[in-house]
Amino acid sequence: MQKTKHSVIEDVFALISAGLFVAFGVYLFQSQDLMVGGAAGLALLGTYAVNMDFGLLFFLINLPFYTLAWTQISKRFTINTFISVTTVSILTEQIPAFVDISHVNPIFAAVFGGILIGVGMLMMFRHSSSLGGVGIMAFYLQQRFNIRAGTFQLAVDSTILLCALFFIAWHLVLISILAAFCLNMVISLNHRPERYFPAQEKQAKSRAETDTLEGSDKRVTA
């Protein structure tokens with residue numbers, strides 16, 4: 001598989017842009033009290049079950065995933081993921097100072113918010129990063145075992161959202177599942193390297209075969 005190399009400036013701009021997409025999607029979710037998936041969803045569920053702050057739970061849940069990223073993926077991926085998570089954390093807190101939503105349809109918030117977060121995560125994946133937590137595991141499984149990142153995340157997020165039935169209103173859970181579906185469809189349909197790299201590999205193979213034939217012709221002529 002060919003690996004695309006990006007400059008530091010390209011990575012920084014892409015990760016900040018992706019963070020803005022994700023942060024605004026989260027802002028839409030929060031405006032309607034919708035549930036989220038991934039490590040953030042696990043931490044949020046944990047606050048209902050144990051007497052612990054969301055921030056501390058989120059940090060503890062992410063520790064093994066950062067370890068996985070550092071040891072099994074790459075140091076660059078781990079650092080970029082840390083940048084992405086930090087960017088989203090900061091922007092999520094700052095967006096209300098710039099945007100005031102007086103009314104938004106919950107279905108629209110779920111669909112558009114899910115798509116925004118999905119596009120942001122897709123940009124992170126393309127620049128060797130993720131949103132942390134389950135995103136790290138999804139990236140690792142796709143790179144190592146060719147398991148689609150979107151499919152894996154959809155399964156995990158759906159499980160988290162179903163567990164949320166014990167804590168929040170059922171209609172909000174249903175809308176949150178719609179959001180998770182939209183988010184992960186964006187990733188599942190677009191984060192598929194096998195659709196792009198085989199063509200490049202075939203071209204390289206074709207060039208190699210052509211060079212071999214030309215070399216043979218030269219030897220026969222000689």
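The chain has nine helices and zero strands, where helices (H or I, at least four residues) and strands (E, at least two) are DSSP runs, numbered from the N terminus. Reading from that end, the elements go α-α-α-α-α-α-α-α-α. This is a predicted model, in which local features need pLDDT of at least 70 and side-chain atom pairs count only at pLDDT 80 or more, while totals for chains, interfaces and linings use all residues. Residues are numbered from 1 along each chain as its sequence is written, and side-chain values use heavy atoms, with hydrogens and water left out.

How many of the residues are buried? Of the 222 residues in the chain, 40% count as buried. Buried means under 20% relative accessible area, exposed over 50%, and partly exposed in between (1.4 Å probe, protein chains only).

Let's look at helix 2. It has twelve residues and reaches 17 Å from its first C-alpha to its last, close to the 16 Å expected at 1.5 Å a residue; the expected span is 1.5 Å times one less than the number of residues. Buried residues in helix 2 include Gly38, Ala39 and Gly41.

Now for the side chains. A salt bridge is a side-chain nitrogen of Lys or Arg within 4 Å of a carboxyl oxygen of Asp or Glu, and a search of the whole structure finds one. Arg76 pairs with Asp11, their closest N and O atoms being 2.6 Å apart. This pair links distant parts of the chain, as Arg76 sits in helix 4 (residues 75-94) and Asp11 in helix 1 (residues 8-31), 65 residues apart.

Disulfides are quickly counted: a pair of cysteine sulfur atoms must lie within 2.5 Å, and the count comes to zero.

| Residue | Relative accessible area | Class |
|---|---|---|
| Asp11 | 7% | buried |
| Arg76 | 35% | partly exposed |
| Cys163 | 34% | partly exposed |
| Cys182 | 13% | buried |

Finally, the largest pocket holds about 900 Å³ of space. On a 1 Å grid over the protein atoms alone, a pocket is an open set of points with protein on both sides within 12 Å along at least five of seven lines, and lining residues have an atom within 4 Å of a point. Its lining comprises 37 residues, with Val26, Val36, Ala40, Phe54 and Phe58 nearest the centre. Among the elements giving two or more residues to this lining are helix 1, helix 2 and helix 8 (170-190). By class, the lining has 24 nonpolar, ten polar and three charged residues.

Methods: 1 Å grid on protein atoms, 1.4 Å probe; cavity = no way out; pocket = protein on both sides within 12 Å on 5 of 7 lines; lining within 4 Å. Points joined across faces, edges and corners; volume = space filled by probe spheres on them. Nonpolar A, V, L, I, M, F, W, Y, C, P; charged D, E, K, R; others polar.
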